[in-house]
Amino acid sequence: MGVQIVDTGSYVPETVRTNLQMQEICPDCDPEWIEQRTGIRERRIVGANESTCDLAVAAAQQVMAKAGVYAKDIDLLIVGTFTPDYHCPSTACLVQDRLGLDAPAFDISAACSGFMYAVTTGAQYVATGNAKMALVIGADSNSRIVDQKDRTIAPLFGDGAGAVLLSAGTLQQGFKSYHLASDGSGAGMLDRPCGGSKNPITAEGIASRQHYLQMDGRNVFKWAVRTVVESIEVVLESAQLSVHDVSLFALHQANQRIIDSVADKLNVSRDRFYNNVHKYGNTSAASIPLVLDEANSEGKIDRGDTILMCGFGAGLTWGTSLFVW
Ligand code: UT7
């Protein structure tokens, strides 16, 4: 059975934090350095009373309204996030309650690959007939887990959510191929050392700022470019397609230089990649559905188009797919 993306939705918090405002919080942050090295000009920040669940609910409400889909129609909810409201219960259960769904609900934790893991999982339920209408959300409140005083990481991340509804489609629609992968030997390249069952929160952990996200940026960068190119080649080969068959490249938005390097290595014109990292920074699991929703709203995606999606990040995890809209 084919699977279709019925529609898309997204939400970003109201508060904009520009690079200049970033410098007010983190004086070592050079606004020009941020833009030159990452392409990021500003990012959105959750309000004091907002959380990942609120972002996810707002994105879901938008896609449901656009598609004319009601709570009673949805029979599966998956939330990709690595900044859940609580360690327990899952954010998906909080979203399920807020939306009034009668559906199983669970989180997928795959950091910046969270949406890729979630949307491929949702599609399996639809393709096998086990779900009629799956709501898949990617949502993250990164500003809550990033040390705003650390110039090497604070300016990179922002907050947001994106959502898609999946239902049965024509035989031509859905995933032509996908490639999900993991390499836990690289876990230490991007992690939050303190706050889990291994190293519960302690005063010492907080004092040494180990409860915040840590990243070996330079090595993650090199790994990302190499891995994304390889993964794109894998999905193209397995679908027996070439870069020329791709209508739109929707990559995880971590750094404009990563996206440009991937485009150059694939010999694809940079303008075939849809980018919004300048507005939102790295929103982790939200970045791909935010790209899809913006491109869709701007009329840049038509039925029958082949969309290449690719996420990569902590774990290490990565996931790439070719999806016929
Ligand atoms: O979403 C999950 C995946 N994450 C990623 O894909 C992120 C991958 N990594 C990156 O995007 C880049 O490596 C960064 C943006 C994190 C860093 O860029 P870079 O070009 O690799 O810079 P660098 O880490 O090599 O740092 C160059 C210099 C350093 O100073 P020294 O050691 O040369 O004196 C940094 O301390 O730039 C300095 N620097 C800054 N200077 C001003 C780092 N951050 C800043 C800053 N303002 N905000």
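These entries record what I looked up about the ligand site and the pockets of this structure.

**Entry 1: the model.** I note at the outset that the model is predicted.

**Entry 2: the ligand shell.** I listed the residues around the ligand and found 26, with Arg218, His252, Asn255, Arg257 and Asn282 coming nearest. Sorted by class, this shell holds 13 nonpolar, seven polar and six charged residues. I then looked up which elements supply at least two shell residues each: these are helix 2 (31-38), helix 7 (217-239), helix 8 (256-266) and strand 12 (306-313).

Entry 3: I find an N or O atom in the side chain of Asn282 at 2.6 Å from an oxygen atom of the ligand. Asn255 places a polar side-chain atom 2.8 Å from a ligand oxygen atom. The protein buries 77% of the 960 Å² that the ligand exposes when taken alone.

Entry 4: Which pocket corresponds to the space taken by the ligand? I identified it as the second largest pocket. I recorded about 610 Å³ of space in the second largest pocket. Its lining comprises 28 residues, and Trp33, Thr152, Leu156, Met215 and Gly217 are the closest to its centre. Helix 7 gives the most to this lining, namely five residues. By class, I recorded 15 nonpolar, seven polar and six charged lining residues.

**Entry 5: the largest pocket.** I recorded a volume of about 760 Å³ for the largest pocket. Of its 32 lining residues, Phe82, Thr83, Pro84, His87 and Arg192 lie nearest the centre. The lining of the largest pocket divides into twelve nonpolar, 14 polar and six charged residues.

Methods. Residues numbered from 1 in each chain as written. Predicted model: local features only at pLDDT ≥ 70, side-chain atom pairs only at ≥ 80, totals over all residues. Heavy atoms only, no water. Near = heavy atom within 4 Å. Polar contact = N/O pair within 3.5 Å; in protein donor to acceptor, adjacent residues only side chain to side chain. Areas by Shrake-Rupley, 256 points an atom, 1.4 Å probe, with all protein chains shown as cover. 1 Å grid on protein atoms, 1.4 Å probe; cavity = no way out; pocket = protein on both sides within 12 Å on 5 of 7 lines; lining within 4 Å. Sits in = over half its atoms within 2 Å of the grid points. Helix = DSSP H or I, 4+ residues; strand = E, 2+ residues; numbered from the N terminus. Nonpolar A, V, L, I, M, F, W, Y, C, P; charged D, E, K, R; others polar. Points joined across faces, edges and corners; volume = space filled by probe spheres on them.
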